[in-house]
Amino acid sequence: MITAHSVALLVPVMWGLYWIPARYVEASTGTGVWGTVYVVIVACVVLAPAAWRYRTSLYSSNCYALISTGLGGASFALYAAGLLYGSVAVVVVLYYLTPVWSVLIARLWLKQETSLTRYAAIVIGMVGIFLVLKGNNTGIPLPQEVGDWLGLGGGILWSIASTGIYIHSRLDSYSSNFVFSVGAFLSAVLLACVMAAPSLETGHSIDYGTGIPAIIIIGVGWWAVALTGFLWAARLLEPTRLGIFMMTEVAAGAVSAALFAGEPYGVLMLVGTVLVIVAGLMAAASPSTPLAADNCRY
């Protein structure tokens, strides 16, 4: 029997492993960010019938809800692209600084009182990312690769988008994910146009036989089905528990990258990753700001 708890636990783990099929598509087709464009097109096509069926939900939504949801999709597009152009562990951890940005948005934009626990989460999160970046290079602990910056930018954009979603959106799961995917499509196209032209390694040719099925699987499995399921589960679970489940994405991404990506992952990066997870848990558990803004990750 599928339960909200099982869905809320499984989907973040799936997204922590998203880099594996994404890089498989890149290795097979050399499409770069265009691979994300094709994946999201598949998701939009799959979600379109359900979005049409529940179109009254779209018609009744205000523009702020639609824009916020679309920006959420744009943040995912940046995250997906970052996984292709940066260190997986670094990109995932940088994206998951969202509790830090959400606390700052709640304090500076929404003028809400912020507890000492959330201020502590900011400090712990920043120390964690400092250690992750320091463990990934010997220079100044700042994002080094394009993918790192995309992960950081995607996390900041998600914090803005999720705050708007929390305040304005009352969309059903299907319509929300459709608008989400449309936002991802538009931003991915823009990003693909400004990024370097895609290319394959010397001596390799495009393998449509494996690339196209992988694109369809990602579009249907990760973007259409998994995200819609998570939106359904988010309506049934308390935000604190949902936030705890979401931290499994950081662990899944970091561990899988260390085991399978062949990327350096030393003690400093491990400690930094743990600190970022702790910061996320502290932010999720603190009731001083609107929790759904942090925990509506999907």
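Contact here means heavy atoms within 4.5 Å. The model is predicted.

**Exercise 1.** Determine which residues Ser 181 touches, leaving out those up to four places away in sequence, and whether Ser 181 is buried or exposed.

Solution. 
1. Locate the residue: Ser 181 is part of helix α10, which covers residues 173-194.
2. List the contacts: Val 40, Ala 43, Cys 44, Leu 47 and Trp 223 are touched by Ser 181.
3. Apply the cut-off: buried means under 20% relative accessible area. Ser 181 has 0% relative accessibility and therefore counts as buried.

**Exercise 2.** Classify Cys 44 and Cys 63 by accessibility, and state how many disulfides the model has.

Solution. 
1. Cys 44, a contact of Ser 181, has 13% relative accessibility, so Cys 44 is buried.
2. Cys 63 is at 46% relative accessibility and so counts as partly exposed.
3. A disulfide requires a pair of cysteine sulfur atoms within 2.5 Å. The count by this rule is zero disulfides.

**Exercise 3.** Describe how helix α6 packs against helix α9.

Solution. 
1. Take the geometry: α6 (residues 88-95) and α9 (residues 146-168) have axes 7 Å apart, at an angle of about 20 degrees.
2. Angles under 35 degrees count as roughly parallel, and α6 and α9 are therefore roughly parallel to each other.
3. Assign the handedness: the crossing of α6 past α9 is right-handed.
4. List the contact residues: α6 contributes Val 90, Val 91, Leu 94 and Tyr 95, while α9 contributes Gly 147, Asp 148, Gly 151, Leu 152, Gly 154, Gly 155 and Trp 158.
5. Sort by class: six residues of this contact are nonpolar, four polar and one charged.

Definitions and conventions:
Residues numbered from 1 in each chain as written. Predicted model: local features only at pLDDT ≥ 70, side-chain atom pairs only at ≥ 80, totals over all residues. Heavy atoms only, no water. Axes fitted to C-alpha atoms, helices over the stretch in contact; angles between N-to-C directions. Helix = DSSP H or I, 4+ residues; strand = E, 2+ residues; numbered from the N terminus. Parallel < 35°, antiparallel > 145°, perpendicular 65-115°, else oblique. Left-handed = near helix turned anticlockwise from the far one by under 90°. Nonpolar A, V, L, I, M, F, W, Y, C, P; charged D, E, K, R; others polar. Buried < 20%, exposed > 50% of the residue type's maximum accessible area, 1.4 Å probe, protein only.
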